[in-house]
Amino acid sequence: MPFVSIRLAGTASKQQKAEIVADVTRSLVERLGKNPAAVQIVIEEVSTENYGAGGQLIADRDAPSTRGDAHAEPGQ
């Protein structure tokens, strides 16, 4: 029985989570021949204030800055 645990930084809509569950289930059925009724998936949403990467909280990294957006496309 496959058990899949997915952690997301931030939140996703109910529709997005339903689509993730459908996609992951379909993948396990197609690639591993698993019974879809046996596939269990848990999605955990982690607050960006409780998750860090590269030495800083994601909430701080993604906060607007006067120095420019590190995630912006060049020229923006």
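Is Gln 40 buried, partly exposed or exposed? Gln 40 is partly exposed, with a relative accessible area of 35%. On this scale, buried means under 20% relative accessible area, exposed means over 50%, and partly exposed is in between (1.4 Å probe, protein chains only).

## Before we start

This is a predicted model, where local features need pLDDT of at least 70 and side-chain atom pairs count only at pLDDT 80 or more, while totals for chains, interfaces and linings use all residues. Residues are numbered from 1 along each chain as its sequence is written, and side-chain values use heavy atoms, with hydrogens and water left out.

## Two strands and a helix

Let's start with the layout. Helices (H or I, at least four residues) and strands (E, at least two) are DSSP runs, numbered from the N terminus. Strand E1 spans residues 3–9 and strand E2 residues 40–46, while helix H1 covers residues 14–32.

E1 and E2 run parallel, joined by seven bridges; two strands count as paired if DSSP finds at least two bridges between them. In this pairing, Leu 8 stands opposite Glu 45 in E2. The chain goes from E1 through H1 to E2, a right-handed β-α-β crossover. Right-handed here means that, with the strands pointing away from the viewer, the path from the first strand over the helix to the second runs clockwise.

Pro 2 sits in the segment before E1, and it is buried, at 14% relative accessible area. An unreviewed UniProt entry gives Pro 2 the annotation "active site"; such annotations may be inferred rather than shown by experiment, and their positions are given in the numbering used here, with feature names shortened. Leaving out residues up to four places away in sequence, Pro 2 touches Leu 28, Lys 34, Ala 38, Val 39 and Gln 40. A contact means heavy atoms within 4.5 Å.

Back to Gln 40, which has its place in strand E2. Beyond its neighbours within four places in sequence, Gln 40 is in contact with Met 1, Pro 2, Phe 3 and Val 4. Gln 40 and Val 4 are 36 residues apart in sequence, yet their C-alpha atoms are 6.2 Å apart in space.

## The nonpolar core

Now for the greasy part. The largest nonpolar core has five residues: Val 4, Ile 6, Leu 28, Val 39 and Ile 41. Such a core is a set of buried Ala, Val, Leu, Ile, Met, Phe, Trp, Tyr and Cys residues joined through side-chain atoms within 4.5 Å. Val 39 also touches Pro 2, Thr 25 and Lys 34, among others, not counting residues up to four places away in sequence.

## Salt bridges

A salt bridge is a side-chain nitrogen of Lys or Arg within 4 Å of a carboxyl oxygen of Asp or Glu, and the count here is four. One of them joins Arg 7 and Glu 44, at 3.0 Å from N to O. Arg 7 is in E1 and Glu 44 in E2, so this pair ties together parts that are 37 residues apart in sequence. Arg 7 is exposed at 64%, whereas Glu 44 is partly exposed at 36%.

Another salt bridge links Glu 45 and Lys 17, at 3.3 Å from N to O. Glu 45 lies in E2 and Lys 17 in H1, so the two tie together parts 28 residues apart in sequence. Asp 23 and Arg 26 also pair up, with their closest N and O atoms 2.6 Å apart. These two are three residues apart in helix H1, which means about one helical turn separates them.
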